[in-house]
Amino acid sequence: MYAKKSPIFASLLLAFLLSGPAVAHEGHHDHAAPVAPAAHALAPIAARYDLKVNQTNTDWYLWRENDSIETANAAVAQNDIWHRVRGNEYTYRRVFHKDQRVVDYTAGEIKTRHAEPDWSKLASVISPALLRELKKGNSKSLFGQKAVRYTGKLGGQTIDLWWLEQAQVPASLQMTRPGQRMTLALRELHAKSPAAWPRVTEERIADYGQIDAADFGDMETDPFVARVMQQDGHNHSH
Amino acid sequence: MSNHMQRKVIARALTAIFALGGALSVHAAAPVVQGPESVQDWYNNGQRFVHEARRIQPENNRAKNVILFVGDGMGISTLTAARILEGQLNARPGEENRLSFEKFPYVALSKTYSWDQQTSDSAPTMTAMITGYKAREGQLSVNHLTPRGECSAAVIAANSLPTLLEQAAAAGKATGVVSTARITHATPAATYSHTAVRDWEADSNIPASCGTTGVVKDIARQLIEVSPVVKNSLKVALGGGRTYFMPKTAFDPEYATTKGRRNDGRDLTAEWVSTRGAKAAYAWNKAQFDAANPATTDYLLGLFEPSHVQYEADRAKDPAGEPSLTEMTEKSIQMLQKSKKGYFLHVEGGRIDHAHHAGNAHRALLDTIELSKAVKKAMEMTDPEETLIIVTADHSHVFTIAGYPHRGNDILGLAKEVPLVDGNPTAPSKAGDNMPYTTLGYQNGPGAVSGARADLTSVDTTALGYLQQAVVPMGSETHAGEDVAIYATGPKAHLVHGSMEQNWIYHVMKEAFGF
């Protein structure tokens, strides 16, 4: 059985993906049973998606390496970076470019907040285990590899997915429920990141203010911290 | 009708049924829930308490040494729950247990409001305890006339309040600071630094709008560049926060991708060693800490994590190893005891507060138990006739112990009442939504739910990562404004009594030292 998890990793995309109760369950690592190869065996990739949530369109990036996952959401100018350390511990860094602030979650803080991620989900955008709950359809070639269609309804959301079997990421994903529609469409897929992509570098964030997430409770009067905490407090799914 | 009322009605009905039975012999089963005490034990224990209390004599002599323990966020509900957990970890029911300092002869309540806060943060509360003055939110050891965000070093100097650590140094005593938080964090920092903004821990935290000249020093720099008399006196500083002492160009020795936070390019850890003579040392891991011989080391700086040190629950898994709060306390006392004129030592259990903010009671309680162990070690190493030990908290948290759980019920588990009928098994109590609830909970914080509450029937609420349910959704659970406890033993400890303003703690310590 699982215990309550803290909602700190609610990026725009993941918040949408995790928002339905059935999908939220799938988000717990202790429930996940990937049908695909384990995440640590996945090849490094750099992917650029078109992300559309309702009427908002933006670029959404994924960089996957053996022990790190980074995403960037151009609409909110935010990068999220997860590192897997010592096998089963995680650190998490949220980079808020508009605010020029970095929030770091140590491995201890992740455990204390019970916010350990489902690594296979981070690495594949959605958990490969989710595929078992969808109806497998036809296949075709996309991005030079086999793509398989999966459809179904989960947690009140209608899902239409084209899944790249080799890369273990969606080629396209559409999730709809009353009043909400999210589409994710892969535009570029590389083994190595193009230099121009907005990945976080030490130089880029050298002058950003750094906050240890453990200090949030002592920083309520900081407008940035108050905003992030409010966002976290409202992003609870269960 | 509430659950409790229902119980009473049912109990009365059962009593009536048994009464109607008249001469019928009723052989009730033995209670499933039983304390270990005999009937006589209750009376005897009370008599023993009074007998021992009669023998308590105030220690009116001056204190050679003063040790101030602060459990950050260690409210009374935290103490009660930690005491029970410690007892249960030792295979006892738990309620009868006492944390080490709960055996101290003198106790008082501390009013924790600050000059401008009903419920305070750690900066004005520690300022109150260490300077004798209540102060403003977020400010360290400056008076309440200090403007918010004041950058000017001259203004800060004009408004600075002398701390007990500085006064002990001026009196020729040795001094030390220990924390499981960053050594630049509010509570330990208030002992040696003066600033209008507690977050200015490294120079990179000071905004550019402050300019470049005449600006107050960041807290890490203040630790290294204390006045000559404090520099001579401050023998030991142990805690976390080493990146605040390292240049941005330097990589952390323990975490390969972590860098220092200083813009000025200075390595303050090296400066600690280079400015304090041949017998100065710096340690960043357990092996180096262990290697520091108190007999041959005069000045020891230990910074065991880039930020706060590990929670006690996680400490054993730290890659480079870290000393416990008890071990840091022990080594500090060993070093300070070399001073013939005595010493002042401040020890903070800093991570109780952080675990509560995360809504994680288990970790908060384990850190509280560790603080209790550190106090026990200090008691073992000191003479009660010459050392005043005070244990208190800076503020509380919105942490509660709820329901009517039976004696010995797992303090981290679901609340289970005493069965209505002896012999019946215990079962989780049900709330108004007909679902069980935990004994421990928070009024606000990350554990809050929107919509229906989760059914905890099959949830392991004793797991280290479990977040107790809360009412008001907040990203971080908050402090609470009720009084906290003060425990005291040793010279002048009897001055700790009744309802006290938090800043009076300073005045008791000062009186004990005879300054």
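Predicted model: local features only at pLDDT ≥ 70, side-chain atom pairs only at ≥ 80, totals over all residues.
**Stop 1**

Select the strands of chain A.

Now zoom to residues 45-53 and 56-65 of chain A. These are strands β1 and β2, which run antiparallel and are joined by nine bridges. Which residue of β2(A) stands opposite L51(A)? Show T58(A): that is the one opposite L51(A).

**Stop 1: where the chains touch**

Show both chains. On one side, 35 residues of chain B take part; on the other, 25 residues of chain A are in contact with them. Select residues 351-357 of chain B. This is helix α13, and it gives four residues, the largest share of chain B's side. Colour that side of chain B by class: 14 residues are nonpolar, 13 polar and eight charged.

**Stop 2: the cores**

Select V66(B), F69(B), L388(B), I390(B) and M509(B). They have the most contacts inside the largest nonpolar core, which has 139 residues. In soluble globular proteins, nonpolar side chains tend to be buried together.

Centre on V66(B). What does V66(B) contact, leaving aside neighbours within four places in sequence? The partners are F344(B), L388(B), M509(B), A512(B) and F513(B).

Then move to W63(A), V125(A), I159(A) and L184(A). They belong to a second, separate core of 26 residues.

**Stop 3: the three-stranded sheet of chain B**

Return to chain B and select β10, β11 and β12. These three strands form an open sheet in that order, with mixed pairing. Its edges are β10 (399-401) and β12 (470-473) of chain B. The twist averages 20° from one strand to the next.

Select residues 440-445 of chain B, strand β11. β11(B) runs parallel to β12(B), and three bridges join the two. Show N444(B) with its bridge partner V472(B) in β12(B).

Finish with residues 76-89 of chain B. This is helix α3, packed on the sheet and touching β10 and β11 of chain B. Its direction makes about 50° with that of β10(B).

Note on methods:
Residues numbered from 1 in each chain as written. Chains lettered and ligands numbered in written order. Pairing = 2+ DSSP bridges. Axes fitted to C-alpha atoms, helices over the stretch in contact; angles between N-to-C directions. Contact = placed C-beta atoms within 7 Å. Nonpolar A, V, L, I, M, F, W, Y, C, P; charged D, E, K, R; others polar. Core = buried A, V, L, I, M, F, W, Y, C linked by C-beta atoms within 7 Å. Buried ≥ 20, exposed ≤ 12 C-beta atoms within 10 Å, placed from the backbone.
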